[in-house]
Amino acid sequence: MKFVSTRDIAGNEYNSYEVIKNGIAADGGLFFPKEKVFFAKEELLSLKEKSYADRAAFIISKYLTDFSKAALAYSCKEAYSKEKFGSHPAPLRKAGEITYLELYHGPTCAFKDMALQLMPRLLSLSIEKSGVNEDALVLVATSGDTGKAALEGFADVNRTKIMVFYPEGGVSEIQKKQMLSQKGSNVNVCGVVGNFDDCQTGVKNIFQNEYVIKPLSKTGHFFSSANSINFGRLVPQVVYYISACIDMNLPEGVLCDITVPTGNFGNILAAYMAKKAGAPIGRLICASNKNKVLTDFFTTGVYDRRREFFLTSSPSMDILVSSNLERLLWLVAGAGKTREYMKNLKEKGVFEVDADTLKVLQEDIYACFADEKDCHETIRKTFEEYNYLIDPHTAVGTFAAEKYMKETDSNNPMLVVSTASPFKFSPSVSRALGLSSGEGLDAMDRLSEYTGIDAPKALTGLRYEKSRFFTVVKPESMAEEVIKFANQTV
Ligand SMILES: *Cc1c(COP(=O)(O)O)cnc(C)c1O
């Protein structure tokens, strides 16, 4: 399978190991497979008796044809082990009319583990395949959750090192503890005196700083990132949609609709890819919080980021530029138009697709949003009616799913993607249930006591973890810390 860039009209081709190693195309576009991937009915049936890891290896091998089947099988087995994910990495759970696809049973209790446990191993294979002598030094700026998920994914993976920068004072007590206690010989965590933007700008500057790149190359490293625009993060996400369709035992000819709480558009794009690859999926419901730029786009065809930005209780969906939408645009409108749309977005902050394109998009995707009140009421109602506890992101999805079912009279079974453990957002969930919230681990204990539901051990165990990292620097000293880390022999 060859890959192309979403902005390249000439259609230059790349191998999958180049795609994963480079992350983003030189023209600023995103990589996507040149040809359609399709699974025949018999192939999907053959996955039924297989473990999640084996399903993953089979599905991913159709996209990443440069790697041997044995190497993929081994990587998937390591990534989705019982030790990391329990007995099933992506179980289903029914509550009323909705079936939930729980994607939060990984080491950091949120769905990013599903991709970030595998992606570092794919990067490691890509470095080997490309024959270079350097190892990847991955830099991450985080506002909390992604940093920990990346640390867990890269810890002790061959030919990689990872360094995470977080805003000292800008992350929750639990998030900080999670990062500072990270184990592994190739990891480093550093606080920055400043906010998330300072961290992100700092990392971006280091990536382009000659005075860092040169000495780094001497120590045998090249810079890499773990962004959700890397195809290596997208393809593991296709797996759980196909896997869920298999586990739902849908009768012949029946399609299921899927609701995805959406931020950067990566997760729902993977659902779209699964549908186009032959999984029995009907409509996709794109659920947003109060930052509803995608709802407006799928309703009017106008994507306009020039608007107020809201901080909500579903912070991982507080996004105004959904990077992965570019891949969907390329699929329906081609490279020429995609390039134009992205140029307009960058220069004017807005673009508009034509009426035909909008119609094609609306056939597959329905979009709506939930405000803060909708979100909190949904958490309370779902717990009261079904004794099922959901986090604020999943609550946004649940609200959207219920609205869609009511509005369309669809008879399809409804799957809602559950993206985080409710205990990861204990203060918000407690408030929604009418409890006095408290902070950190205490809030988690109280929520667990009130609901009678055990909090995940990965979170409760934090109480006994020791911090390993103590460095906090000003933004201008971040580069120095990176060089120091690269010079450490592991
Ligand atoms: C990242 C994240 C999302 C949004 O997923 P995208 O792929 O960015 O659309 C939703 N919920 C949680 C808990 C997340 O961490």
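The legends below walk through several close-up views of a predicted model.

Local features are described at a pLDDT of at least 70 and side-chain atom pairs only at pLDDT 80 or more, while totals for chains, interfaces and linings use all residues. Residues are numbered from 1 along each chain as its sequence is written, and side-chain values use heavy atoms, with hydrogens and water left out.

**View 1. An open sheet of 6 strands**
Let's begin with the strands. Helices (H or I, at least four residues) and strands (E, at least two) are DSSP runs, numbered from the N terminus. Two strands pair if DSSP finds at least two bridges between them. Here the order is β3-β4-β14-β9-β10-β13, with mixed pairing. The edges belong to β3 (92–95) and β13 (365–369); each has a single partner strand, so one side of each lacks a neighbour in the sheet. From one strand to the next, the twist averages 25°.

**View 2. Two parallel pairings inside the sheet**
Strand β4 (residues 98–102) pairs with strand β14 (residues 414–418) in the parallel sense, over 5 bridges. Look for Ile98, whose bridge partner in β14 is Met414. Strands β9 and β10 also pair in the parallel sense over 5 bridges, and Thr259 stands opposite Ile285 in β10. As a handy reminder, side chains in a regular strand alternate between the two faces of the sheet. How many of the 8 residues of β10 are buried? Buried means under 20% relative accessible area, exposed means over 50%, and partly exposed lies in between (1.4 Å probe, protein chains only). The count is 7 of the 8, so β10 is largely enclosed by the rest of the structure.

**View 3. Helices α14 and α18 against the sheet**
Contact here means heavy atoms within 4.5 Å. Angles run from 0 to 180 degrees between N-to-C directions, and axes are lines fitted to C-alpha atoms, for helices over the stretch in contact. Helix α18 (residues 392–408) lies across β4, β9 (256–261), β10, β13 and β14, and it runs at about 165° to β14.

**View 4. Aromatic pairs, with Phe32 and Trp330 as an example**
Rings of Phe, Tyr and Trp (its six-membered ring) pair if their centres lie within 6.5 Å; planes under 30 degrees apart count as stacked, over 60 as edge-to-face and the rest as tilted. By this rule there are 18 aromatic pairs. Phe32 and Trp330 make a tilted pair, 5.6 Å centre to centre with 55° between the planes. Phe32 belongs to strand β2 (residues 31–33) and Trp330 to helix α15 (residues 325–348), so the pair ties together parts that are 298 residues apart in sequence. Phe32 is buried at a relative accessible area of 6%, and Trp330 counts as buried at 16%.

**View 5. The rings of Phe39 and Phe58**
With centres 6.1 Å apart and planes at 45°, these rings form a tilted pair. Phe39 sits in the loop between β2 and α2 (41–46), and Phe58 in helix α3 (residues 52–63), 19 residues apart.

**View 6. Helix α3 and its surroundings**
Helix α3 is mostly covered, with 9 of its 12 residues buried; among them are Tyr52, Arg55, Ile59 and Tyr63. The buried residues of α3 pack against β1 (3–5), β2, α4 (69–79), α6 (112–116), α12 (231–247) and α13 (266–276).

**View 7. An aromatic cluster and two charges over rings**
Ring pairs link Phe265, Phe297, Phe298, Tyr303, Tyr341 and Phe351 into a cluster. A charge sits over a ring if NZ of Lys or CZ of Arg is within 6 Å of the ring centre and within 35 degrees of the ring normal. The charged end of Lys290 sits over the ring of Phe310, 4.0 Å from its centre. Lys292 lies over the face of Phe369, 5.3 Å from the ring centre.

**View 8. Ser75 in helix α4**
Ser75 counts as buried, at 5% relative accessibility. Leaving out residues up to four places away in sequence, Ser75 touches Leu118, Arg121 and Leu125.
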